[in-house]
There are 2 protein chains.
Amino acid sequence: MASETPESTEITLIGAGTIGLSFAALHLTSDPTCLVTIHDKRPDLQSYISTHLPSYIPEAALESCTKRISYADSLQHAVKSADIIQEQGPENAEFKTSLWPEIEKHAPQNALLWSSTSGIPASVQVEGMRDKTRLLVVHPYNPPHIMPLLELVPSPSTSQDVVARTLNCWRARGRTPVVIKKECTGFVANRLAFALFREACSLAAQGVASVEDIDEIVTSSMGPRWAVAGPFKAYYAGGGEGGLRSFMEKIGGTVGECWDASDEGVRKGGIRVGAEWQEGVCEQAEDAYGVVDTGDRDAKTRRVLEAVSSRG
Amino acid sequence: MASETPESTEITLIGAGTIGLSFAALHLTSDPTCLVTIHDKRPDLQSYISTHLPSYIPEAALESCTKRISYADSLQHAVKSADIIQEQGPENAEFKTSLWPEIEKHAPQNALLWSSTSGIPASVQVEGMRDKTRLLVVHPYNPPHIMPLLELVPSPSTSQDVVARTLNCWRARGRTPVVIKKECTGFVANRLAFALFREACSLAAQGVASVEDIDEIVTSSMGPRWAVAGPFKAYYAGGGEGGLRSFMEKIGGTVGECWDASDEGVRKGGIRVGAEWQEGVCEQAEDAYGVVDTGDRDAKTRRVLEAVSSRG
């Protein structure tokens with residue numbers, strides 16, 4: 001392939017679940033000359049892709065995108081001429097630590113190596129590799145073909161050049177890559193989201209508000225606010241001329257009381273994963289939502305992102 | 001006034017700071033016949049209102065809105081024919097507990113009594129009142145003329161009829177009132193937002209990501225997601241056919257690890273209000289944001305809200 005279209009970026013996706021499909025759609029639509037090779041053990045791979053890809057790609061672009069996909073049964077063949085190798089395989093360290101040394105053997109020396117893991121840091125994944133400078137985590141917020149964020153989480157061994165090339169690649173695709181400075185449990189987006197989610201579970205478990213009411217509170221207040229300005233910027237603006245310092249002076253008392261009440265609520269409610277509160281909250285969500293139309297959700301999310309990025 | 005336009009709702013606002021102005025704008029623009037009386041001790045009240053109100057109301061509507069504002073120096077005069085009395089005075093319990101018995105003396109018996117407090121529950125505010133059934137908290141998310149949410153927080157004494165009439169009033173104004181089932185510290189929206197904010201402070205203090213990067217993470221992931229679907233609905237959808245139950249089965253391990261890491265991070269970072277971490281984070285915000293253009297923020301927020309509510 002490389003010899004026919006030398007300027008095309010060759011991207012190999014290892015794993016074609018929903019995240020793999022979404023990334024395939026993202027690459028194919030945002031880089032109109034790139035070539036995507038898919039490697040996945042499922043026996044019906046080609047028909048699976050043809051069936052599901054249309055829901056990720058606008059109809060007008062589907063043919064030109066589909067033409068640029070190829071399939072590789074062997075890992076060696078899949079990676080041999082790749083510029084980027086992106087894995088979204090099973091979330092276990094054994095799989096990943098045995099995968100990368102194999103890839104290292106067969107891939108071009110300059111290829112970027114990305115893992116979509118939501119929890120296994122690059123410093124663990126590189127264990128068996130000769131060259132530990134090439135790999136980093138590129139953690140999407142699902143689904144990546146819609147949500148702009150990509151958390152780039154290098155290990156202490158990842159080279160600056162690899163990070164810089166990865167940043168450039170995502171910026172060129174119009175996405176929002178953010179480099180995380182230190183590997184940490186869950187990376188940043190999930191840590192933030194799960195902190196609010198815990199408080200939501202705690203308040204629902206205490207009967208302060210229903211699951212559905214809590215969702216309505218979020219979509220009519222901090223959701224739209226944080227689509228426009230993150231929490232620091234929002235509270236900085238809320239502090240007026242004195243910024244975040246003034247905000248903390250004026251509202252800090254309430255903030256501290258809320259934090260104390262959270263801690264108490266979490267303790268009282270036993271808000272640990274799998275504890276008693278969980279079934280009631282799951283049931284409430286089921287009663288409230290039945291079957292969620294993710295197509296509608298994605299269409300609205302696209303409009304929200306356009307509304308924020310448009311100027312004037 | 002009531003005799004001239006018997007159908008008009010008369011709203012008295014006690015306190016004309018930024019929240020009072022924003023509520024005035026909201027009432028005047030969303031109910032085109034209502035009359036607003038403003039009571040505030042500031043000596044330059046009328047010129048203050050004329051100067052600031054134009055930034056809250058579209059130019060085309062300004063004249064017709066301004067005509068429906070009147071001013072009352074005495075509390076007695078301010079409330080005597082009111083249908084709704086809404087206070088956003090100083091945030092201290094003494095002020096509020098001495099205000100309401102005065103209002104009760106002079107206001108029509110059927111008038112709705114609303115407090116915009118962000119922390120003093122109705123059950124405390126009604127202390128000196130003869131009739132404790134009439135008052136509830138109507139807590140906005142700032143600024144209320146933009147953000148749809150109103151948390152209605154009745155005390156255990158508030159009558160169902162008062163809650164129902166308050167709900168109807170806000171629904172008629174096209175807003176999103178949500179009734180909170182139990183009085184609790186900080187109510188729900190701030191509890192949720194401050195839980196995420198604490199995690200953001202903790203990660204910034206640990207040097208995992210900068211203040212600006214954390215904001216960028218939020219605006220490119222959970223912000224737009226939560227503008228469209230709240231956390232429960234989002235994770236319910238993320239669980240596929242098994243809903244939130246499946247989500248917790250599949251991702252619960254990571255969720256639990258993140259919660260544990262949060263607790264540890266908060267302890268290690270001493271993330272209490274006013275502790276050492278705070279100055280560094282405030283400085284970062286100042287360096288990142290300088291002067292925030294809240295007009296631009298509000299315009300974008302309006303577009304986001306339109307994008308979510310529009311169909312098709």
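## Reading a two-chain model

Author: Let's start with the interface: about 10100 Å² is buried between chain B and chain A, and carbon and sulfur atoms give 70% of that area. Keep in mind that this is a predicted model.

Reader: Thanks! How many residues of each chain are in contact?

Author: On the chain B side there are 103 residues, and they touch 103 residues of chain A.

Reader: How many salt bridges does the rule find across the interface of chain B and chain A?

Author: The rule finds nine. For a case to look at, take E286(A) and R245(B), whose side chains meet in a salt bridge at 3.1 Å, N to O. By class, the side of chain B that touches chain A has 58 nonpolar, 23 polar and 22 charged residues.

Reader: And how many residue pairs are in polar contact between chain B and chain A?

Author: The count is 28 residue pairs, with both residues at pLDDT 80 or more.

Reader: Let's turn to the backbone. Where is there a cis peptide bond in chain A?

Author: In chain A, a cis peptide bond joins N142(A) and P143(A), with omega about -15°. P143(A) sits in the loop between β6 (135-140) and β7 (149-154) of chain A. In chain B, N142(B) and P143(B) are joined by a cis peptide bond with omega about -10°, and P143(B) is in the loop between β6 (135-140) and β7 (149-154) of that chain.

Reader: Which residue has a positive phi although it is not a glycine?

Author: Look at F187(A), where phi is about 60°. F187(A) belongs to helix α8 (residues 187-205) of chain A.

Reader: Which domain does UniProt list for residues 186-252 of chain A?

Author: The unreviewed UniProt entry gives "domain: 3-hydroxyacyl-CoA dehydrogenase C-terminal" for that span. Residues 186-252 of chain A are 79% helix and 0% strand, with end C-alpha atoms 28 Å apart.

Terms used: Residues are numbered from 1 along each chain as its sequence is written. Chains are lettered from A and ligands numbered from 1 in the order in which they are written. Side-chain values use heavy atoms; hydrogens and water are left out. Contact means heavy atoms within 4.5 Å. Buried area is the accessible area (1.4 Å probe) that two parts lose on being put together, summed over both. A salt bridge is a side-chain nitrogen of Lys or Arg within 4 Å of a carboxyl oxygen of Asp or Glu. A polar contact is a pair of N or O atoms within 3.5 Å; within protein, one must be able to donate a hydrogen and the other to accept it, and residues adjacent in sequence count only if both atoms are side-chain atoms. Ala, Val, Leu, Ile, Met, Phe, Trp, Tyr, Cys and Pro count as nonpolar, Asp, Glu, Lys and Arg as charged, and the others, Gly among them, as polar. UniProt positions are given in the numbering used here, feature names are shortened, and annotations may be inferred rather than shown by experiment. Helices (H or I, at least four residues) and strands (E, at least two) are DSSP runs, numbered from the N terminus.
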